[in-house]
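Okay, thanks for making time, everyone. Let me put the model up, and then I'll walk you through it.

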Amino acid sequence: MAVPEIRNKHRNNSEMHRVMRQLKKNKLAMIGLVIFAIEIIVAILSPYIIPYKYNAMDMTSVQKGPSLVHLFGTDELGRDIFSRVLYGGQYSLTMGVLATFISTTVGMLIGAVSGYFGGKVDNIMMRILDVIQSLPNMLLSIVISAVLGSGFVNTIIALSVNGLPAAARMLRAQIMKERENEYIEAAVSINCSRSRIILNHLIPNSFSPNIVQATMGVASMISIAASLSFIGLGVQPPIPEWGAMLSAARQFIRQSPHMVIFPGLAIAVTVLALNLLGDGLRDALDPKLKN
Amino acid sequence: MNDNTENKNFLDIENLVVEYRSNDQTVHAVNGVSLKLEGGQVLGLVGETGAGKTTIAKSILRILPDVSARIAGGNIELEGKQLFQLSETEMQQIRGKKVSMIFQDPMTALNPVQRIGEQIEEVVSLHNRGNHEDHVKRAEEMLEMVGIPKERYREYPHQFSGGMKQRVVIAMALACNPDLLLADEPTTALDVTIQAQVLDLIAELRKKYHTAMILITHDMGVVAQTCDMVAVIYAGQILEYGTKEQIFDHPSHPYTIGLFGAIPKLNVDEEWLHPINGLPPDPTNLPQGCPFNPRCRFATDECRKKAAEMMKTPDGHDCRCIHIAEALKGE
């Protein structure tokens with residue numbers, strides 16, 4: 001009867017630690033993670049580290065190319081593009097992360113409830129999501145932004161609604177698979193409430209695809225936010241959101257391409273970093289998908 | 001089984017009928033099962049896969065899937081309380097506290113992303129007052145009781161072997177000192193040595209807390225080792241019911257006799273096994289009369305017309321067959 005005593009060297013053998021170990025082995029994913037981390041830190045610190053104020057105009061040096069004085073050059077009003085890109089990161093990144101967070105959380109709740117209860121509840125919720133999904137992503141964001149008006153908060157709302165259906169459907173499918181397991185029946189037999197079963201047992205066992213999706217989602221949210229700003233619906237100038245900067249600079253693309261290149265590069269690098277990280281996370285979370 | 005006047009029984013299942021429905025089919029899973037169990041006793045439910053054993057156990061806890069299953073009739077009384085008439089809130093006092101269940105497959109009966117200690121603690125905290133530390137202490141106590149060092153409290157199910165997982169499941173089931181334990185094939189997924197350990201462990205803990213148990217199994221060896229009473233279930237009906245000694249020494253129903261005949265004997269050199277011919281009936285389309293008649297070699301026209309009532313065998317246990325005398329004689 002006696003069980004040999006086993007001292008565990010890896011005290012933390014949880015799923016999360018396993019995933020982290022796996023992720024650390026993946027170089028590309030780590031590069032993505034580091035880039036994204038640096039971007040976030042820089043964005044947070046930007047008010048203190050940028051060399052010029054983001055809206056400080058200098059009419060004596062307008063549309064100058066990159067130089068040591070102005071690393072990324074200046075725009076049509078003589079504002080330092082380096083400072084603006086760094087400062088604008090606050091808006092772009094916050095919008096991307098926040099919108100993804102909201103859409104993932106709300107979407108997961110909808111998906112979990114719908115997947116667990118099934119039947120009528122499921123049917124009603126999924127039909128509502130069908131309506132949302134029947135509109136192309138970009139068009140939906142444009143419609144919502146147009147109705148609510150432009151601005152930081154409204155853009156986040158528009159983006160969040162966009163991401164809802166995908167997050168909900170993904171978790172719903174996982175939950176439907178997971179709820180058939182015996183441990184859920186066991187949980188019912190020890191008198192767990194429904195909310196407890198959903199929150200404590202079902203979601204922790206089913207949300208890893210959502211994490212991957214959310215990571216990639218931040219990237220697409222950032223690009224949709226930039227697109228909205230680009231067509232004048234998202235965050236408005238003079239706030240140096242990356243898309244808004246691109247939009248303002250597009251008329252000068254022939255004379256001074258650097259005005260487009262640097263904000264564009266900022267978006268591209270962020271999206272790339274997040275996609276790399278997302279890929280790595282997917283491999284780490286689901287070893288079956290590898291190769 | 002025949003007199004319902006006295007009410008001293010701990011558990012009293014009366015004429016239970018359960019159906020599963022899907023689209024246009026009705027599966028008759030349990031068809032009028034009546035059982036009695038005294039406190040502290042062990043009842044073995046024996047039968048083939050699909051005979052309705054698990055459904056009976058789940059009806060007691062009222063955890064049948066509410067979409068498809070329907071309790072079409074009957075009554076379950078636990079300590080004089082009619083379980084089907086209790087509200088969901090009253091039922092909560094019973095689930096996991098008074099009655100708890102051990103599941104068949106320990107591999108899937110534990111939440112894979114929750115630490116095993118926390119899973120035991122969850123049961124404790126759902127049914128007991130007191131603060132977190134008390135609950136953790138109780139969970140640690142339970143771990144030690146099933147022979148797992150409490151240092152492993154913070155480990156995950158994947159770090160445990162099958163036998164140890166089943167111990168954790170047992171610890172969960174017994175954490176609130178239930179009066180009735182429903183063990184649904186607790187050893188089917190385990191190998192024979194671990195099976196013996198787990199059965200010993202259950203027996204030991206049961207004796208300690210005077211817990212009654214319904215043991216669901218298709219393993220006659222397990223029944224012989226553990227049970228006081230035995231009910232042989234076939235197609236959702238009890239075909240034979242008596243004490244372990246009665247059933248093992250004088251199996252009277254042709255089905256039970258067939259079951260014992262199918263066990264290979266160690267002391268005889270036999271080339272072939274002796275299975276019962278045929279398959280269990282399709283529960284969506286049960287045969288008329290005695291459900292066993294298509295496979296029974298004693299079957300007569302009478303068996304095909306009308307299902308047999310419960311009869312008394314010569315040694316006094318219950319058997320649902322009109323040909324007991326022939327069956328007992330053999331050929």
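**The sheet, the cores and the contact**

So, let's begin with chain B, where eight strands form an open sheet in the order 6-7-8-3-9-10-12-11, with mixed pairing. Strand 6 and strand 11 (311–312) of chain B are the edge strands, and each has a single partner, so one side of each has no neighbour in the sheet. Quick reminder before I go on: this is a predicted model.

For a bit of detail inside the sheet, take strand 9 (residues 229–234) and strand 10 (residues 237–243) of chain B, which pair in the antiparallel sense over six bridges. Within that pair, B:Ala231 sits opposite B:Tyr241 in strand 10 of chain B.

The largest nonpolar core has 94 residues, and the members that touch the most others are B:Ile120, B:Ala171, B:Leu182 and B:Ala231. Which element gives the largest share of this core? That's helix 6 (residues 162–174) of chain B, with eight residues. As a general point, nonpolar side chains in soluble globular proteins tend to be buried together.

Now, where does helix 6 of chain B go? It lies across strand 6 and strand 7 (180–184) of chain B, and runs at about 175 degrees to strand 6 of chain B. And if you zoom in on B:Ala171, setting aside neighbours within four places in sequence, you'll find contacts with B:Ile120, B:Met142, B:Leu143, B:Met145 and B:Val146. Apart from this core there's another one, of 44 residues, including A:Leu228, A:Leu233, A:Leu277 and A:Ala284.

That takes us over to chain A, which has eleven helices and zero strands. The C-alpha trace of chain A spans about 85 × 50 × 35 Å along its principal axes. Of its 291 residues, 42% are buried. If you look at contacts in chain A between residues at least 6 apart in sequence, 70% of them join residues at least 24 apart.

Last bit: how do the two chains meet? Chain B puts 26 residues into the contact and chain A puts in 22. On the chain B side, the elements giving two or more residues are strand 6 (99–102), helix 3 (106–109) and helix 4 (116–127). That side of chain B splits into 15 nonpolar, eight polar and three charged residues. And strand 6 of chain B, you'll remember, is one of the edge strands of the sheet.

Definitions and conventions
Residues numbered from 1 in each chain as written. Chains lettered and ligands numbered in written order. Predicted model: local features only at pLDDT ≥ 70, side-chain atom pairs only at ≥ 80, totals over all residues. Contact = placed C-beta atoms within 7 Å. Helix = DSSP H or I, 4+ residues; strand = E, 2+ residues; numbered from the N terminus. Nonpolar A, V, L, I, M, F, W, Y, C, P; charged D, E, K, R; others polar. Core = buried A, V, L, I, M, F, W, Y, C linked by C-beta atoms within 7 Å. Buried ≥ 20, exposed ≤ 12 C-beta atoms within 10 Å, placed from the backbone. Pairing = 2+ DSSP bridges. Axes fitted to C-alpha atoms, helices over the stretch in contact; angles between N-to-C directions.
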